[in-house]
Amino acid sequence: MFKSHLGDTSNFQVDFTINKSYVKIESLVKIIKAFFMKLFISMVLISATLFSANIDTFATEEGYYRDYQKALALAKKEKKVLMLVMVADYCPWCRKFEHKTLSNTIVATKIKNDFIGVIMDKVLDKKHYPKVYETPLIPVVFFIEPKKETVLYESIGYKKKKEYLKTLDDVQNMHNDERNR
Amino acid sequence: MKKLLLIILTCKALFATSFFTLDNLKDLRIYFVNETEFITKEQSDGIKEAVQARLKVAGFTFGAVDAATFFLKLESMEIDKTEVIYIQIGIGEEVITNRTDNIETFAFTYLATDFIEADNAYFDTVESIHYLIDDFLSSHKDDNEE
């Protein structure tokens with residue numbers, strides 16, 4: 001049986017070669033290509049409509065900076081880790097990460113107490129953050145040691161609150177180790 | 001196209017759950033559209049009942065007013081004597097948008113699809129439906145755990 005879904009395309013490459021004529025394979029490949037194109041367009045449309053971003057609202061509500069340099073200066077002054085959240089307005093995973101993880105009361109309180117948060121749109125704010133943080137994957141969070149402006153840890157992708165709280169603890173420990181050196 | 005596939009596969013590998021948010025989703029009604037010719041009325045009713053039973057076991061309730069719609073749509077076409085089947089499941093409900101005046105509209109708040117070529121159209125379709133429902137239930141569980 002030939003069976004495929006988004007995460008399992010390796011299966012159909014193998015099964016394509018079994019008892020199928022070349023013409024039929026060509027037709028199926030065309031259909032699958034059309035299907036993925038249709039799916040891609042739908043995803044982009046859904047993202048653009050349902051998940052239209054308001055990064056400024058999120059920053060205001062959760063107390064994140066929108067100015068990298070200001071946030072860095074404060075992080076240096078308060079000797080806290082700078083938490084740079086990189087998102088994009090077309091990214092549904094970013095919206096989910098903001099709404100479910102970063103807005104969670106426990107996570108938000110921990111961030112407010114121990115970190116200086118700054119949030120950037122990787123495309124729209126491109127000129128407002130250092131080039132070194134340009135990334136093909138989002139959401140990404142860079143935990144930056146403010147003194148040397150080096151990345152302590154990079155958290156890639158959507159993280160659930162429990163997992164993210166552990167990341168925050170780990171980063172906090174790394175920061176303390178760094179300070180005690 | 002290769003790049004697109006790579007992006008999709010990378011995303012799928014990186015993120016186990018769905019990017020849709022299924023928090024507090026409890027009341028459902030089922031809407032089943034069968035646009036295939038290989039599934040009989042009896043089989044169609046059987047699929048609907050099986051889907052509803054699985055959702056009930058997972059804690060969803062049916063019969064409430066203004067419940068979200070859980071839809072299941074089956075489409076098929078024949079290519080060189082091979083049945084190609086497109087299966088979609090999703091949730092449709094009223095949502096408040098971010099547009100001016102916060103317009104309310106009906107929107108799909110969950111969508112998952114499968115595209116199969118089947119030797120045994122009915123059994124392979126049922127298998128695919130269960131696979132999609134597994135993913136849906138797993139996403140729902142992830143989103144609703146404390």
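Tutor: Apart from neighbours within four places in sequence, B:Thr125 is in contact with B:Phe38, B:Ile39, B:Leu74, B:Ile85, B:Ile87 and B:Ile116. The model is a predicted one. B:Thr125 belongs to helix H3 of chain B. Its relative accessibility is 0%, so B:Thr125 counts as buried.

One of the contacts of B:Thr125 is B:Phe38. B:Phe38 sits in the loop between strand S1 (27–35) and H2 of chain B. With a relative accessible area of 19%, B:Phe38 is buried, because the cut-off for buried is under 20%. Not counting residues up to four places away in sequence, B:Phe38 touches B:Gln43, B:Ser76, B:Glu83, B:Ile85, B:Ala121, B:Tyr122 and B:Thr125. B:Ile85 is in the contact list of B:Thr125 and also in that of B:Phe38. B:Phe38 and B:Ala121 are 83 residues apart along the chain, and their C-alpha atoms are separated by 7.0 Å.

From there one can turn to the helix pair. Helix H2 (residues 41–57) of chain B packs with helix H3 (residues 121–144) of chain B at an angle of about 20°, the axes being 11 Å apart. H2(B) and H3(B) are therefore roughly parallel to each other, and they cross in a right-handed sense. On the H2(B) side the contact is made by B:Gln43, B:Ile47, B:Val51, B:Arg54 and B:Leu55. On the H3(B) side it is made by B:Tyr122, B:Val126, B:Ile129, B:His130, B:Ile133, B:Asp134, B:Phe136 and B:Leu137. Sorted by class, these are nine nonpolar, two polar and two charged residues. B:Gln43 and B:Tyr122, which take part in this helix contact, are also among the residues touched by B:Phe38.

Leaving aside neighbours within four places in sequence, B:Phe136 is in contact with B:Leu22, B:Leu25, B:Leu55, B:Phe60, B:Phe70, B:Ile89, B:Ile91 and B:Tyr110. In soluble globular proteins, nonpolar side chains tend to be buried together. The largest nonpolar core here has 74 residues, and the members that touch the most others are A:Met83, A:Tyr164 and B:Phe136.

For the setting of these residues, chain B has three helices and five strands. From the N terminus, the order of its elements is α-β-α-β-β-β-β-α. The chain has 146 residues, of which 45% are buried. Of the contacts in chain B with a separation of 6 or more, 63% are between residues 24 or more positions apart.

A:Tyr164 is one of the H7(A) residues in the contact between H6(A) and H7(A). Helix H6 (residues 105–114) of chain A and helix H7 (residues 161–180) of chain A cross at roughly 15°, with axes that come within 10 Å. That makes H6(A) roughly parallel to H7(A). The crossing of H6(A) with H7(A) is left-handed, while that of H2(B) with H3(B) is right-handed. H6(A) contributes A:Ile106, A:Val107, A:Lys110, A:Ile111 and A:Asp114, and H7(A) contributes A:Lys161, A:Tyr164, A:Leu165, A:Leu168, A:Asp169 and A:Gln172. The residues of this contact divide into six nonpolar, one polar and four charged.

A:His175 is also in helix H7 of chain A. Its relative accessible area is 2%, so A:His175 is buried. Beyond neighbours within four places in sequence, A:His175 contacts A:Lys79, A:Lys80, A:Val81, A:Glu145 and A:Leu152.

Chain A as a whole has seven helices and five strands, and along the sequence they follow the pattern β-α-α-α-α-β-α-α-β-β-β-α. Of its 181 residues, 48% count as buried.

Note on methods:
Residues numbered from 1 in each chain as written. Chains lettered and ligands numbered in written order. Predicted model: local features only at pLDDT ≥ 70, side-chain atom pairs only at ≥ 80, totals over all residues. Heavy atoms only, no water. Axes fitted to C-alpha atoms, helices over the stretch in contact; angles between N-to-C directions. Helix = DSSP H or I, 4+ residues; strand = E, 2+ residues; numbered from the N terminus. Parallel < 35°, antiparallel > 145°, perpendicular 65-115°, else oblique. Left-handed = near helix turned anticlockwise from the far one by under 90°. Contact = heavy atoms within 4.5 Å. Nonpolar A, V, L, I, M, F, W, Y, C, P; charged D, E, K, R; others polar. Buried < 20%, exposed > 50% of the residue type's maximum accessible area, 1.4 Å probe, protein only. Core = buried A, V, L, I, M, F, W, Y, C linked by side-chain atoms within 4.5 Å.
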